[in-house]
Amino acid sequence: MIIQPKASHFINGAYIEDSAGPELAVTYPANGARIASLHEATDALIEQALAAADAARAEWAAMTGTERGRILRRAAEIIRERNRELSELETMDTGKPLSETLVADPTSAADALEYFGGMAATLTGEHIQLGADWAYTKREALGLCVGIGAWNYPMQIACWKAAPALACGNTMVFKPSETTPLSALKVAEVFMEAGAPAGVFNVIQGTGRVGAALVGDARVNKVSLTGSVPTGRKVYAAAAAQMKHVTMELGGKSPLIIFEDADIENAVSAAINANFYSSGQICSNGTRVFVHTSIKEAFLSRLAERMSDATIGDPMDEATTLGPMVSEAQRQIVLGYIEKGQAEGARLVAGGKALEGEGFFIQPTLFADVTDDMTIAREEIFGPVMSVLDFDDEQDVIARANDTEFGLSAGVFTRDLARGHRVVGQLEAGSCWINTYNLTPVEVPFGGNKASGVGRENGHAAIEHYSQLKTVYVAMGDVEAPF
Ligand code: TXE
């Protein structure tokens, strides 16, 4: 199946090509076949995209929230109608099984458009009475926003950024990851079909060079990045040089703490979701699974049993529950970590190998007896590799869970209500779960602390990151002056 788009970029309401840009090959991770060939944006195209988004600002911001919201909600409906076709595209681009993309990718994108579309008309300021005088606040758009995506949830990321940005009256230039460039173009198409004015949402392709050019442009008021911590540091610094707003959704090495009174079957399910969904390529994954020593062996044996039920194979087959890594490069990174885990003395309980044959597959891998200082317990692997660590004491496990530069997510499993809240209250993480893991509905703010990021996506909180307040003081009497 070849899924060559009409052109590489979508600017000012139309597809556009410039073959002078370096080639960008798109491969199907399940067999390594080339499925599309795109071009990176040239400087001329970068300029065209920024100019289009800049020119579209005034008209879009002048529309009422109700009008903007209607377009976003129409876009959500179109995406839902095309869920299967868009999910298949996302599966081809990322390798994630269709059993996942059908329920987690276009649907999550549509949720964001629906949610922020509904909110657009409610974004108001306040009235502040000051005796006879008074003041009011207006919530204004920031202006031109740049969105930069990672390769794990391409369509979701595009809409988690575009929906609040557009709801607030901003315009956007979005650059998908060079590894998964296809579905953002569909989002741009859908916006046009839903009635968005040309230039409101533009997509250009490219590597970090294109991203850096966007971030450095003086017309850009805000940058929202999903990616790794090293990239986040660069982008944040470049944005700071021009005092731009930022949202940074970066990596993690999150703890999932399972106490002795936990429901083991549910805890095992959560650990599976927290490590093997999307082949482990999820920033919020709970990759350090701390299990109380009294239930450790029971937990490990049930987990290994459940892992043997994984159906690895053709992602387009809806019975498949574990797909390949996004790229051969990412597979090699993950295999390197598995080797390090073994070399540093972790006990390999299951998996550990690449699958023979075509595609970038790796067995779901489980390490036990992992200690805090091992590389696999410190660095983000971004693959299907779970590390189980032992603990006995609540305060000790909290301190160990927090002993990391990251702070994206955390989970706690216990039947003791007070303990659940007490422990979660002490964990240094932005997005936490009690007795579940990795649920990220659009109504709930999502984001990280420490090196895992700045700002929040989703929920009411996202509005703060895509708008600014103007305050207006209104005098009703004479002006007093000292002389
Ligand atoms: O991320 P990168 P990649 C992590 C994960 C993974 C690693 C690499 O650990 O192994 O990141 O993935 C653009 N200025 N996550 O290579 O390199 C780049 O083109 C502006 C976590 O995808 O950080 C891409 O579009 N932009 C993550 C985006 O930044 C630049 C999900 C991310 O690239 C740039 C995926 C620059 N100087 C990977 N350099 C999560 N938290 O969800 C690169 N880019």
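Mentor: The account below begins with the ligand and then turns to individual residues.

The model is predicted, and local features need pLDDT of at least 70, side-chain atom pairs count only at pLDDT 80 or more, while totals for chains, interfaces and linings use all residues. Residues are numbered from 1 along each chain as its sequence is written, and side-chain values use heavy atoms, with hydrogens and water left out.

**The ligand site**

The space that the ligand takes is the largest pocket. A pocket here is an open set of points on a 1 Å grid over the protein atoms alone, with protein on both sides within 12 Å along at least five of seven lines, and it is probed at 1.4 Å. A molecule sits in such a pocket if more than half of its atoms lie within 2 Å of its grid points. The elements that give two or more residues to the shell around the ligand are helix H8 (208-215), strand E10 (220-226) and helix H9 (229-241); helices (H or I, at least four residues) and strands (E, at least two) are DSSP runs numbered from the N terminus. Helix H8 provides the largest share of this shell, 3 residues.

There are 26 residues around the ligand, and Gly149, Glu178, Ser228, Thr231 and Glu380 come nearest; a residue counts as near if one of its heavy atoms lies within 4 Å. By class, the shell has 10 nonpolar, 12 polar and 4 charged residues. In this classification Ala, Val, Leu, Ile, Met, Phe, Trp, Tyr, Cys and Pro are nonpolar, Asp, Glu, Lys and Arg are charged, and the others, Gly among them, are polar.

At leucine 250 a backbone N or O atom lies 2.9 Å from a nitrogen atom of the ligand. The protein covers 85% of the 810 Å² of accessible area that the ligand has on its own, by the Shrake-Rupley method with a 1.4 Å probe.

**Buried loop residues**

Aspartate 105 is in the loop between helix H4 (98-104) and helix H5 (106-119). Aspartate 105 counts as buried because its relative accessibility is 0%; buried means under 20% relative accessible area, exposed over 50%, and partly exposed in between (1.4 Å probe, protein chains only). The side chains of aspartate 105 and lysine 96 are joined by a polar contact of 2.8 Å, that is, a pair of N or O atoms within 3.5 Å, of which, within protein, one must be able to donate a hydrogen and the other to accept it; residues adjacent in sequence count only if both atoms are side-chain atoms.

Glutamine 281, in the loop between helix H10 (264-276) and strand E13 (288-292), is likewise buried, at 3%. Glutamine 281 and asparagine 152 are 129 residues apart in sequence, yet 6.1 Å apart in space from C-alpha to C-alpha.

**Loop residues with positive phi**

Methionine 243 has a phi near 55°, a positive value in a residue other than glycine. Methionine 243 is found in the loop between H9 and strand E11 (245-249), and is exposed because its relative accessibility is 72%.

Key:
1 Å grid on protein atoms, 1.4 Å probe; cavity = no way out; pocket = protein on both sides within 12 Å on 5 of 7 lines; lining within 4 Å.
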